[in-house]
Amino acid sequence: MASYRGHLAFSTILGVGYGAAALYYWQMDWVSALLGAGLTAASGMLPDLDSDSGVPVRALFGGAAVVIPLLMLPRLLSAQLPLEQVLLILASVHFFIRYGAAAIFRKSTVHRGMFHSVPAMLIAGLAVFLLYHHPNDLVRYYLAGGVMLGFLSHLVLDELCSVDIMGAKIKLNQFAGTALKFFSPSWGATAATYLLLAGLAYIAAQEFDGPREQLKQWQQKALNVGSSFGKAKAPIR
Ligand SMILES: [Zn+2]
């Protein structure tokens, strides 16, 4: 079942449910809901970016080259850069993903290597969270969650059936393990994956300085309230 059509069908069903949940339970605007549903569906194919051949892989890079610059747009606009610069950055990112990243992936990844792993899923989620800026943090969590949901659906399906992206039985090479894994036999690939994950987590943590400040203020307020209770009680004793 888990040819690329199988993956796409499964993640699309999940995406529709995820989008509906955004509309009905989390009261999100329909643009965000649709974006999340689409990202979930597309991410169901994401791990197979490490596959070296085939039309779906080319389509995936083509799609990523469009979607990633679009996700970056709000962030670039909020940085108040001149329009020419924004366009230049978007175009560079587009061409880099379309040609550069595709070539790098072909050289450096092994099919069903570390790109088919739980830390890679977290990296995908963190990357979307960092790339996409939205005044409502819930939308950022929602989109990051969608990418991880789609990614996870792929890993689970791969784990269940050993069928390749093109629908043929695959011969796994020495570095390939199972899909739902935390480590691969290649320690270099494993280390690089965790290093990237740690780097992204660090950057994401920086973005939480604002909320943390707010938390400190709340704690201070709570302490003040607590101490005023203490004072009120003091004369009784
Ligand atoms: Zn796969």
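Visitor: How far apart are the end C-alpha atoms of α2, and what should its 14 residues span?

Guide: In this predicted model, the end C-alpha atoms of α2 are 20 Å apart. At 1.5 Å a residue, the helix should span 20 Å, so the two values agree.

Visitor: Which residues in α2 are buried?

Guide: Ser32, Ala33, Gly36, Ala37, Leu39, Thr40, Ala41 and Ser43.

Visitor: Switching to the metal. What are the protein donors of the zinc ion?

Guide: Asp48 and Asp158 each donate through OD, while His116 and His154 donate through NE2. These donors lie 2.0 to 2.4 Å from the zinc ion.

Visitor: Why is the arrangement irregular?

Guide: The angles subtended by the four donor atoms run from 85 to 174°, and that makes the arrangement irregular. For a tetrahedral label, all angles would have to lie between 85 and 135 degrees.

Visitor: And how are the donor residues spaced in sequence?

Guide: The pattern is D-x67-H-x37-H-x3-D. Asp48, in the loop between α2 and α3, and His154, in helix α6, are 106 residues apart and link distant parts of the chain.

Visitor: Are those two buried or exposed?

Guide: Both Asp48 and His154 are buried.

Visitor: New topic: how much space lies in the largest pocket?

Guide: About 1,300 Å³. It is lined by 47 residues, and Leu46, Leu49, Ile68, Phe105 and Phe115 are the closest to its centre.

Visitor: Which element gives the most to that lining?

Guide: α3, with 10 residues.

Visitor: How do the lining residues divide by type?

Guide: There are 38 nonpolar residues, nine polar and no charged.

Key: Residues numbered from 1 in each chain as written. Predicted model: local features only at pLDDT ≥ 70, side-chain atom pairs only at ≥ 80, totals over all residues. Heavy atoms only, no water. Donors = N, O, S within 2.8 Å, 3.2 Å for Na, K, Ca; no water. Tetrahedral: all angles 85-135°; square planar, octahedral: opposite > 155°, others 65-115°. Helix = DSSP H or I, 4+ residues; strand = E, 2+ residues; numbered from the N terminus. Buried < 20%, exposed > 50% of the residue type's maximum accessible area, 1.4 Å probe, protein only. Expected span 1.5 Å × (residues − 1). 1 Å grid on protein atoms, 1.4 Å probe; cavity = no way out; pocket = protein on both sides within 12 Å on 5 of 7 lines; lining within 4 Å. Points joined across faces, edges and corners; volume = space filled by probe spheres on them. Nonpolar A, V, L, I, M, F, W, Y, C, P; charged D, E, K, R; others polar.
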